Amino acid sequence: MTTYFYTPPDRIHGDRLTLPPDEALHAFRVVRHRIGDEIVVVDGEGGWYRVVIEGIDARQVAGRIAERRKEVGEPAFRLRVGMALLKQEKRFSNFLEKATELGVAEVIPLVTARTEKQSIRPARVEHILQAAMKQCLRSRVVATSEPRALDALMAIIGDELVLVCHESSDASSDALLDVLVRAGTPPALTLLVGPEGGFTDAEVARLTAAGARVVSLGERRLRAETAAIAACA
Ligand code: SAH
């Protein structure tokens, strides 16, 4: 099984790179690499490197780049998700991991009228996204940002297709799949998913007035993170 290692771009100089201490420890102690071994390193910004280890101990790994590629594991389609913060951080974190695996480009944490939690721990988010990137063999870490309000999100999206996942009591809203088929294959798309209590009617009205389309994922009421994962897939 290929194990990917991460290093930030500022540790890459010409055809040489080093791994940060936590990655070096993992390479040396857990995977038990030694001088002469080949490893794959990604930089989180689309860079992919096959590296021959030239020096290794529990604190550092230095290597020579034998091959470099760009955007390995990255889809051409740009999917962005505005995902409401959830009461249980574990559920939100779980979505971040699955979003990475499903090829999402960006997750914007949302604060909506019914959001109860207003913050996330940035270091934890970064750790989850980085680990997920390596695990699923991507070369780009999912972009994320500080939690934003809905209006702030709509302001940065511009004229991209925005689909609001919203459960409705009647059968009036279109199925996500039908809307996508009718839209052809847009190069970019933003999906919005609400918190446990859902979007308010006023929010849905504001979003549709701003050009977003309401879509359904079926007649069952899904947990927010299930809805987000299903919609991304
Ligand atoms: N308002 C509901 C539950 C919201 S479910 C209530 O409290 O009864 C949380 C979020 O998941 C919703 O805001 C929506 O974005 C998404 N979601 C859940 N089920 C859905 C479905 N069947 N179709 C579309 N979106 C759904």
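At 40% relative accessibility, Asp 15 counts as partly exposed, where buried means under 20% relative accessible area, exposed over 50% and partly exposed in between, with a 1.4 Å probe and protein chains only. Arg 16, at 36%, is also partly exposed. These two residues form a salt bridge, with their closest N and O atoms 3.1 Å apart; a salt bridge here is a side-chain nitrogen of Lys or Arg within 4 Å of a carboxyl oxygen of Asp or Glu.

The model is predicted: local features need pLDDT of at least 70, side-chain atom pairs count only at pLDDT 80 or more, and totals for chains, interfaces and linings use all residues. Residues are numbered from 1 along each chain as its sequence is written, and side-chain values use heavy atoms, with hydrogens and water left out.

Side chains of opposite charge can pair when their charged atoms come close. The structure holds 21 salt bridges. In one of them, Glu 67 meets Arg 50 at 2.8 Å, N to O. Glu 67 belongs to strand β6 (residues 61–70) and Arg 50 to strand β5 (residues 47–56), so this pair ties together parts that are 17 residues apart in sequence. Helices (H or I, at least four residues) and strands (E, at least two) are DSSP runs, numbered from the N terminus. Glu 67 is partly exposed at 24% relative accessibility, and Arg 50 is partly exposed at 24%. Another salt bridge joins the side chains of Asp 57 and Arg 59, at 3.9 Å from N to O. Asp 57 is partly exposed at 26%, whereas Arg 59 is exposed, with a relative accessible area of 63%. Through shared partners, salt bridges also link Glu 38, Arg 50, Glu 67 and Arg 69 into one network.

Next, the interior. In soluble globular proteins, nonpolar side chains tend to be buried together. The largest nonpolar core in this model has 29 residues, and Met 83, Phe 92, Phe 95, Val 107 and Leu 191 have the most contacts inside it. Such a core is a set of buried Ala, Val, Leu, Ile, Met, Phe, Trp, Tyr and Cys residues joined through side-chain atoms within 4.5 Å. Among the elements that each supply at least two of its residues are β7 (78–84), α2 (89–101), α3 (122–135) and β13 (188–193). The most comes from α7, with 5 residues. A second, separate core of 16 residues includes Phe 5, Ile 12, Ile 53 and Ile 65.

Which residues does Val 107 touch? Not counting residues up to four places away in sequence, they include Val 81, Met 83, Phe 92, Phe 95 and Leu 96, a contact being heavy atoms within 4.5 Å.

Helix α2 also holds Thr 100, which is buried with a relative accessible area of 0%. The side chain of Thr 100 reaches the backbone oxygen of Leu 96 at 2.9 Å. Apart from neighbours within four places in sequence, Thr 100 is in contact with Leu 129, Ala 132, Met 133, Cys 136, Arg 138 and Val 142.

Methods: Polar contact = N/O pair within 3.5 Å; in protein donor to acceptor, adjacent residues only side chain to side chain.
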